[in-house]
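This report goes through one protein model, topic by topic. Keep the sequence and the structure in view while reading.

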Amino acid sequence: TESRVRRQRMGYINLSAPVTHIWYLKGTPSIISHLLGMPLKKVEEIVYFVSYVVIEPDNFPDLSYKQLLNENEWIALEDTLFQHEQRYNVCCQIGAEAILTLLKDLDPKEMIARL
């Protein structure tokens with residue numbers, strides 16, 4: 001097969017889960033870190049499945065957007081959520097899926113206005 005045919009065929013891959021490309025994570029400066037307004041160390045903790053990130057705090061006490069939780073904190077939070085009579089829609093994610101969600105939450109028009 002010709003190289004242009006191979007390039008076209010290689011370009012159509014559907015992944016079953018989101019991934020974070022190392023160039024955008026570890027580049028200098030880190031593009032993902034810069035866009036999210038988070039230190040690279042914290043972004044790496046999310047990507048490498050060390051910490052969960054709060055996506056939707058839903059007015060739950062002591063939780064804020066983009067707050068990092070380690071595994072023990074997340075388990076304790078889950079236990080607390082199930083014990084409350086009031087239902088909260090707290091959402092925490094981990095890995096590249098969390099990064100994708102945080103990037104989707106960005107408003108490009110607002111970012112351009114700030115710059």
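Which residue forms a salt bridge with glutamate 44, and how far apart are the closest N and O atoms? The partner is lysine 26, and the closest N and O atoms are 2.6 Å apart. The model is a predicted one, and every value below is computed from it.

## Salt bridges

The structure holds 2 salt bridges. Glutamate 44 counts as buried because its relative accessibility is 16%, under the cut-off of 20%. Lysine 26 is partly exposed, with a relative accessible area of 42%.

The other salt bridge joins the side chains of arginine 114 and glutamate 110, at 3.7 Å from N to O. Both residues lie in helix α7, which covers residues 108-114. They are 4 residues apart, about one turn of the helix. In general, an α-helix has 3.6 residues a turn, so residues three or four places apart point the same way. Arginine 114 counts as exposed at 61% relative accessibility, whereas glutamate 110 counts as partly exposed at 43%.

## Nonpolar surface patch

Ile22, Trp23, Tyr24, Ile31, Leu35, Tyr48 and Val50 make a nonpolar surface patch of about 730 Å². Two helices, α2 (22-26) and α3 (31-36), each supply at least two residues of the patch. Helix α2 gives the most, with 3 residues.

Tyrosine 48, one of the patch residues, is in the loop between α4 (40-47) and β1 (52-56). Its relative accessibility is 43%, so tyrosine 48 counts as partly exposed.

## The loop between α4 and β1

Phenylalanine 49 is also placed in the loop between α4 and β1. Its phi is near 60 degrees, a positive value in a residue other than glycine. Phenylalanine 49 is exposed, with a relative accessible area of 57%.

Serine 51 lies in the loop between α4 and β1 as well. Is serine 51 buried or exposed? With a relative accessible area of 5%, serine 51 is buried. Its side chain makes a polar contact of 2.9 Å with the side chain of glutamate 45. Apart from neighbours within four places in sequence, serine 51 is in contact with Glu45, Ile46, Leu68, Leu69 and Ile94.

## Other backbone features

The peptide bond that runs from threonine 28 to proline 29 is cis, with omega near -5 degrees. Proline 29 sits in the loop between α2 and α3.

Asparagine 59 has a positive phi of about 60 degrees, although it is not a glycine. This residue is in the loop between β1 and β2 (68-69). Asparagine 59 is exposed, its relative accessible area being 73%.

## The sheet

Three strands form an open sheet in the order β2-β1-β3, with antiparallel pairing. Strands β2 and β3 stand at the edges with a single partner strand each, so one side of each has no neighbour in the sheet. As a general point, strands of a sheet pair through backbone hydrogen bonds, either parallel or antiparallel.

Between β1 and β3, which run antiparallel, there are 3 bridges. Valine 53 stands opposite glutamine 93 in β3.

Which residues of helix α6 are buried? In this helix, residues 96-104, the buried ones are Ala96, Ala98, Ile99, Thr101 and Leu102. The cover over the buried residues of α6 includes α3, α4, β1 and β3 (91-93).

Aspartate 79 is located in helix α5, which covers residues 71-83. It is partly exposed, with a relative accessible area of 45%. Aspartate 79 and leucine 100 are 21 residues apart along the chain, and their C-alpha atoms are separated by 27 Å.

Technical notes: Residues numbered from 1 in each chain as written. Predicted model: local features only at pLDDT ≥ 70, side-chain atom pairs only at ≥ 80, totals over all residues. Heavy atoms only, no water. Patch = residues over 30% accessible without salt bridge, like charges linked within 9 Å, V, L, I, M, F, W, Y side chains within 5 Å. Areas by Shrake-Rupley, 256 points an atom, 1.4 Å probe, with all protein chains shown as cover. Salt bridge = Lys/Arg side-chain N within 4 Å of Asp/Glu carboxyl O. Buried < 20%, exposed > 50% of the residue type's maximum accessible area, 1.4 Å probe, protein only. Contact = heavy atoms within 4.5 Å. Pairing = 2+ DSSP bridges. Polar contact = N/O pair within 3.5 Å; in protein donor to acceptor, adjacent residues only side chain to side chain.
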